[in-house]
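Please look at the sequence and the structure below.

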Amino acid sequence: MYTFEHLSAKIQASDDQLKEALKEMGAFQIDGNWRILDFEYECRALSFLLNLIDEQSWPYNTIPMDETLNILSELLPPVILQHIIDEYSTWCVSSNLSLTHRSLIEDKVCRFMAVGLLRPCDKFNLTDFKTAWQGSVPEGMTTSLKQLDGTVLVDQTSHPQTICYFNEQDLPDDIIDRFQYLFQVRSKWTFNEIQPFLEKLSTDKLNVNNLLAKYTRATNVDGVRFYCSRHSSK
């Protein structure tokens, strides 16, 4: 368990960078210490909220907060319930609902439900996954593979096509180590495939295109540009 001060002393980053990293990780505070929910527990906590919305037939973008808090406070500790609400919803933009109702964040909910489906298995038939995924999200939401950038790998060369969990946050932070790991997983990548796994290491002076030019070798196959390791013989 760490306070913000402990983390700031251990990690070489500005306070703003550290706060952004904690937010991206889904971290939250309990008694001044920063925590991350276990995935299974977070899945169960979010399911309470989604099941309530379904049972009450509420539109996912118009959720009454007073009623939600009253019902779910019997199932979850207040600090956990508030974290789930803050993490996966935002106040409605409509002026007459902006202080009483919240709207689920579609991309976040869809991404979390996809991860829940993919984590337990090595690979998933892409067509079957899309069907199961759409069926797992609240009515009115639309799933899209774009929501999973940096979270999955799709193999379009296999028959049938497959998808697997592959989280950018689990990759090495060092750029050379990251490229080595990526090329161990897949010998060649298109720009759209590799971009989500490099964006967070890019800077204003060194964007993704610059990183690829510096650390990879580009080849063209049937009019499609691929990037592979500079040390690859293929």
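## Two packed helices

A helix axis here is a line fitted to C-alpha atoms over the stretch in contact, and angles run from 0 to 180 degrees between N-to-C directions. The model is predicted. In this model, helix α4 (residues 65-72) packs against helix α5 (residues 78-88), with an angle of about 140° and axes 10 Å apart. Angles over 145 degrees count as roughly antiparallel and 65 to 115 as roughly perpendicular, with the rest, apart from those under 35, being oblique. The pair α4 and α5 is therefore oblique. Their crossing is right-handed.

Which residues meet where α4 and α5 pack? From α4 come Met 65, Leu 69 and Leu 72, and from α5 come Leu 81, Gln 82 and Ile 85. Of the residues in this contact, 5 are nonpolar, 1 is polar and none is charged.

## A sheet and the helix across it

Strands of a sheet pair through backbone hydrogen bonds, either parallel or antiparallel.

Strand β8 (residues 162-165) pairs with β6 over 2 bridges. Asn 125 has Thr 162 in β8 as its bridge partner.

## Ser 229

Is Ser 229 buried or exposed? Its relative accessibility is 19%, so Ser 229 counts as buried, the cut-off being under 20%. Ser 229 belongs to strand β11 (residues 224-229). Leaving aside residues up to four places away in sequence, Ser 229 touches Phe 183, Ser 187 and Arg 217.

Notes. Residues are numbered from 1 along each chain as its sequence is written. This is a predicted model: local features need pLDDT of at least 70, side-chain atom pairs count only at pLDDT 80 or more; totals for chains, interfaces and linings use all residues. Side-chain values use heavy atoms; hydrogens and water are left out. Helices (H or I, at least four residues) and strands (E, at least two) are DSSP runs, numbered from the N terminus. Buried means under 20% relative accessible area, exposed over 50%, partly exposed in between (1.4 Å probe, protein chains only). Contact means heavy atoms within 4.5 Å. Two strands pair if DSSP finds at least two bridges between them. A crossing is left-handed if the near helix is turned anticlockwise from the far one by less than a right angle, and right-handed if clockwise. Ala, Val, Leu, Ile, Met, Phe, Trp, Tyr, Cys and Pro count as nonpolar, Asp, Glu, Lys and Arg as charged, and the others, Gly among them, as polar.
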